Amino acid sequence: MASVVVGGEETATFDVELGVKQGCVIAPILFNIYLAAATFLFHERIPPGHGVGLTYRLDGSLFNLRRLQARTKTLSDKVFELQYADDCVLVAHSPEDLQEALNIIYDIYSTLGLVINTDKTEVMYQWSGVAPPVEPVISVAGAELQISPQFNYLGSVLSVDCSIDEECNERRRRRHERVLHRLQRPPPPEPELQCPECGRLCGSRIGLYSHRRTHRQQLP
């Protein structure tokens, strides 16, 4: 049962049959279970051969690429999507695979009651060879998605040419903003520097501390 306070008066109680209380600790748990079910259905329906292959080792030397060429001790996996909270990124090797994966995830989300915001959904191509003169169009439910030269994901900037120049520039810009924000903040108010024992006004907190220590040393 719940009620609402309007104008200082409490309304009649009513039943709450959907959702949880604001700030309830079970809310993120239910949300994770919900998205885990959507991801499981997506992995079941995605055709073989889709996704981006990943080869890795777990015995150290992460950035030694020659060790990844070994036929033993290497592991492989497929990456279909990057999910963080309600932000989802689909990855594919071709526009056709991307469109098919997007259609599958759209059908699953629609079944589960989720809606893809086409205004915030963008497409970025990173061509391994020569880019086509006209980039393919990707759409969701008949709405064409915007093609972006760069993509921001979890604070990182991905570029079409796979360079890190934009990422470095963005990090420098944020650092400059933080420094400028600290410089523009007004200085903290100076605490009272008058000795409560004798009323003497000191020039700093250290001076006040040293002066009050002399009072303590004079006590019998």
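This is a predicted model: local features need pLDDT of at least 70, side-chain atom pairs count only at pLDDT 80 or more; totals for chains, interfaces and linings use all residues.

Trainee: What radius of gyration does the chain have, beside that of a compact globule of 220 residues?

Mentor: The radius is taken over C-alpha atoms, and the globule rule is 2.2 Å times the number of residues to the power 0.38. Along its principal axes the C-alpha trace spans about 90 × 65 × 40 Å. A compact globule of 220 residues would come near 17 Å, but the chain has 30 Å.

Trainee: How many helices and strands does the secondary structure come to?

Mentor: Both are DSSP runs numbered from the N terminus, where a helix is H or I with at least four residues and a strand is E with at least two. By that count the chain has 4 helices and 12 strands.

Trainee: Which residue takes a positive phi in the hairpin of strand 11 and strand 12?

Mentor: Two strands pair if DSSP finds at least two bridges between them, and strand 11 (residues 150-153) pairs with strand 12 in the antiparallel sense over 4 bridges. Tyr153 has Ser156 of strand 12 as its bridge partner. The hairpin has 2 residues between the strands, and the positive phi, near 55°, belongs to Leu154.

Trainee: Which residues form the covered face of strand 12?

Mentor: In a regular strand the side chains alternate between the two faces of the sheet. In strand 12 (residues 156-159), Ser156 and Leu158 make up the uncovered face, whereas the covered one holds Val157 and Ser159.

Trainee: Which residue stands opposite Leu82 in strand 6?

Mentor: Strand 5 (residues 81-84) and strand 6 (residues 87-90) run antiparallel and are joined by 4 bridges. Their hairpin has 2 residues between the strands, and Ala85 takes a positive phi near 55° there. Opposite Leu82 stands Val89.

Trainee: Is Cys162 buried or exposed?

Mentor: Cys162 lies in the loop between strand 12 and helix 3 (165-184), and its phi is positive, about 65°, although Cys162 is not a glycine. At 56% relative accessibility, Cys162 counts as exposed.

Trainee: How many aromatic pairs does the structure hold, and how are they arranged?

Mentor: Rings of Phe, Tyr and Trp (its six-membered ring) pair if their centres lie within 6.5 Å; planes under 30 degrees apart count as stacked, over 60 as edge-to-face and the rest as tilted. The structure holds 2 such pairs. The rings of Tyr125 and Trp127 have centres 5.0 Å apart and planes at 20°, so this pair is stacked. The centres of Phe151 and Tyr153 are 6.3 Å apart with the planes at 20°, so that pair is also stacked.

Trainee: Is Tyr153 buried or exposed?

Mentor: The relative accessible area of Tyr153 is 15%. Tyr153 is therefore buried.

Terms used: Residues are numbered from 1 along each chain as its sequence is written. Side-chain values use heavy atoms; hydrogens and water are left out. Buried means under 20% relative accessible area, exposed over 50%, partly exposed in between (1.4 Å probe, protein chains only).
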